[in-house]
Amino acid sequence: MKKSICVYLLTALLALLGCTAAQEAPQRTVTGIEVDASQAKYWYLSGQEIDPTGLVVTAVYDDGSREPIPTADCEYQKPPFAPAGEKIVAVTYADQEASYPIYTLPSSMETEEYKTYQIRINENKSPVTLTPVLVGENKPFVLVCPGGGYEACSPYGNEGYAYAARIKELGYNAIILQYSINMPHPTPLDDVNLALEIIAENREYWQVSMDNYAVIGSSAGAHLVGCWSTPEVGYAKYGKAKPAAAILCYPLISLDIRTDSVLLPENADAALIESLSVDRQVDSSFPPTYMWIFEEDSLKPQVGRMDAVLEENSVPHITRYYTGGRHGLGLAPGTAAEGWIDEAVAFWIEQIH
């Protein structure tokens, strides 16, 4: 009995001491919060919710102490997506607020097959957009760059959506880039780099793999992806992975015959033209390449030169010459070239297996 009384008294004493200590413990008040978004998601597509992954939120207390806060305990106010541009996300915790920037891409066109995201409108009113045409499944993607002499670029035409739709039918992802037009180098290459950054940030949302991507372009678009495939002005300069394959459709290879090209700035010198002549930048590291062109196309001699340097440098490649067509036919239905894209995609996949 005495033992039970002692235990009871000891328990009561400890409870009293604990209560006293709790009463004496200072009650801190949150006086502010800080947000570090350096490792957080930056590019947001229309309709996406704020993803706090990578955010570091810190509470600042009135006693000068600081402690990290679980991001799940915070509230986030999503900014409007339109127009495209940098926006602010408001973060709230314990009636305290901080903010950090994100960049939003509103949807500028939506159909049952695709949604187009507007990256920006240039000062010359030319839009830069991305149009994913997806199977998802974490499969690799092809970045599609339509042609137009750097003076036009339609994501929905026979060199854009037509390619992407067929690539999807073949079981792979395609993302069409509407790049800047009537703007000098390196603006279109900057657009390719930016497109890859946006795709990388949204790869989980789109369910695409960043590994072993390919690039495909037609005419001037082929020149653009050809330049991207060279380290001097393309992927290595921007710190990106080399494409697993380059698919060049009736490509412009060299600017020698287009010295009036809008791609060349007014102060363009011989060294710049040299760097933008794809055939002169080819070495053994150039990506495996698929090319095709009609015999009747005036760019055939350029394709011939490109084919020769690929052969000289032992770059895996296929070059097809067809008759009975002309420049700009895209998938070229009803001609001898019809079906080239199936062979090109098979060539790409062969390189990554």
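**Cavity, pocket and ring contacts in a predicted model**

Helices α3 and α5 (220-228) each supply at least two residues of the lining of the largest cavity. The model is predicted, so local features need pLDDT of at least 70 and side-chain atom pairs count only at pLDDT 80 or more, while totals for chains, interfaces and linings use all residues. Residues are numbered from 1 along each chain as its sequence is written, and side-chain values use heavy atoms, with hydrogens and water left out.

**Largest cavity**

- The structure holds 1 cavity of 30 Å³ or more; on a 1 Å grid over the protein atoms alone, a cavity is a set of points where a 1.4 Å probe fits but cannot get out, and lining residues have an atom within 4 Å of a point.
- The volume of the largest cavity is about 40 Å³, a volume being the space filled by probe spheres set on grid points joined across faces, edges and corners.
- Helix α5 gives the most to this lining, with 3 residues; helices are DSSP runs of H or I with at least four residues, strands are runs of E with at least two, and both are numbered from the N terminus.
- The lining comprises 8 nonpolar, 2 polar and no charged residues, where Ala, Val, Leu, Ile, Met, Phe, Trp, Tyr, Cys and Pro count as nonpolar, Asp, Glu, Lys and Arg as charged, and the others, Gly among them, as polar.
- Among the lining residues are His185, His223 and Cys227.

**Largest pocket**

- About 300 Å³ of space lies in the largest pocket, a pocket being an open set with protein on both sides within 12 Å along at least five of seven lines.
- Of its 13 lining residues, Lys41, Asp51, Glu201, Asn202 and Glu204 lie nearest the centre.
- Helix α4 gives the most to the pocket lining, with 3 residues.
- By class, the pocket lining has 3 nonpolar, 4 polar and 6 charged residues.

**Rings and charges**

- There are 16 aromatic pairs in the structure; rings of Phe, Tyr and Trp (its six-membered ring) pair if their centres lie within 6.5 Å, with planes under 30 degrees apart counted as stacked, over 60 as edge-to-face and the rest as tilted.
- Tyrosine 42 and tryptophan 43 form an edge-to-face pair, 5.5 Å centre to centre with 80° between the planes.
- One aromatic cluster is formed by Tyr163, Tyr250, Trp292, Phe294, Tyr322 and Trp340.
- Lysine 41 lies over the face of tyrosine 44, 5.1 Å from the ring centre; the criterion is NZ of Lys or CZ of Arg within 6 Å of the ring centre and within 35 degrees of the ring normal.
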